[in-house]
Amino acid sequence: MLIRAAQSEDHSAIWSIIEPVIRAGDTYTLDRDMGRDAALTYWCGADKFTFVAEADGAILGTYYLRANQAGGGAHVCNCGYMTAAAASGRGVARAMCAHSMDEARQRGFRAMQFNFVVSTNVRAVRLWISMGFSVVGRLPGAFAHPAEGDVDALILYRPL
């Protein structure tokens, strides 16, 4: 699997991955009615480094990397990851997480923090913990899940 910096010609493939996740509304705090342009501006914004994972010429996933905070918190990064539904279970998210940690180290970040991981996203939570992250906070009932009602959000952290 190749993971590389996203280019503008990847936007259609990125949209095909992030649109179903946004519409489902069960893992990200994004407006479920967010349009293509707004979503791509969010995912590929100037404050982010955006990447795609591809195999056999098909883009299977995407992630972004950014500083989590400015100033005194700028040494900690934050990432968002999305995988195409058809690529689920193929190790794409794990590969993107490993790549993002290497990329973050190269960019001078010393830690990685996930600010709002929906607790019902069990596969993601299990993956992040297997990648060395620790749950350092729990926000009770902070996420309005479309099927489960109010569920907890987790804060995960890992030194790099």
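Me: Contact here means heavy atoms within 4.5 Å. So which residues is Val118 in contact with, leaving aside its neighbours within four places in sequence?

Reply: This is a predicted model, to be clear. In it, Val118 is in contact with Asp26, Thr27, Val125, Phe143, His145, Val151 and Asp152, once neighbours within four places in sequence are left aside.

Me: And where is Val118 found? Buried or exposed?

Reply: Val118 is in strand S5, which covers residues 111–118. Val118 counts as buried, because its relative accessibility is 1% and the cut-off for buried is under 20%.

Me: How far apart are Val118 and Leu154 in space?

Reply: Their C-alpha atoms are 6.3 Å apart, while in sequence the two residues are 36 apart.

Me: OK, switching to H3. What span should helix H3 have, and what does the model give?

Reply: H3 has 15 residues, 92–106, and at 1.5 Å a residue that should span 21 Å. The end C-alpha atoms of H3 are 21 Å apart, so the two agree.

Me: Which residues of H3 are buried?

Reply: Val92, Met96, Cys97, Ser100, Met101, Glu103 and Ala104. They cover an arc of only 165 degrees around the axis, which puts them on the same side of H3.

Me: Why would residues a few places apart point the same way?

Reply: An α-helix has 3.6 residues a turn, so residues three or four places apart point the same way.

Me: Let's zoom in on Ser100. What is its relative accessibility, and what is it in contact with beyond four places in sequence?

Reply: Ser100, in H3, has a relative accessibility of 0%, so it counts as buried. Leaving aside neighbours within four places, Ser100 is in contact with Tyr63, Cys79, Tyr81 and Met112.

Me: How do H3 and H4 cross?

Reply: The axes of H3 and H4 (residues 122–130) come within 11 Å and cross at roughly 40 degrees. H3 and H4 are therefore oblique to each other, and H3 passes H4 in a right-handed crossing.

Me: Which residues meet there?

Reply: On the H3 side, Ala93, Arg94 and Cys97; on the H4 side, Leu127, Trp128 and Ser130.

Me: What about the other pair, H1 and H2: what angle do they pack at?

Reply: About 100 degrees, with the axes of H1 and H2 10 Å apart. That makes H1 and H2 roughly perpendicular to each other. H1 brings His11, Ser12, Ile14, Trp15, Ile18 and Ile22, which meet Arg36, Ala39, Leu40 and Trp43 in H2.

Me: Which residues of H2 are buried?

Reply: In H2 (residues 36–43), Ala39, Leu40 and Trp43 are buried. Down the axis of H2, the buried residues fall within an arc of 95 degrees, so they line one face of the helix. On the other side of H2, Asp37 and Thr41 are exposed.

Me: What covers the buried residues of H2?

Reply: The cover includes helix H1 (11–24) and strands S2 (49–55), S3 (58–67) and S4 (76–83).

Me: Last topic, backbone. Where is Asp56 found, in which loop, and what is its phi?

Reply: Asp56 is in the loop between S2 and S3. Its phi is positive, about 50 degrees, although Asp56 is not a glycine. Most residues other than glycine have a negative phi. Asp56 is also exposed, with a relative accessible area of 83%.

Note on methods:
Residues numbered from 1 in each chain as written. Predicted model: local features only at pLDDT ≥ 70, side-chain atom pairs only at ≥ 80, totals over all residues. Heavy atoms only, no water. Helix = DSSP H or I, 4+ residues; strand = E, 2+ residues; numbered from the N terminus. Expected span 1.5 Å × (residues − 1). Buried < 20%, exposed > 50% of the residue type's maximum accessible area, 1.4 Å probe, protein only. Arc of directions from axis to C-beta. Axes fitted to C-alpha atoms, helices over the stretch in contact; angles between N-to-C directions. Parallel < 35°, antiparallel > 145°, perpendicular 65-115°, else oblique. Left-handed = near helix turned anticlockwise from the far one by under 90°.
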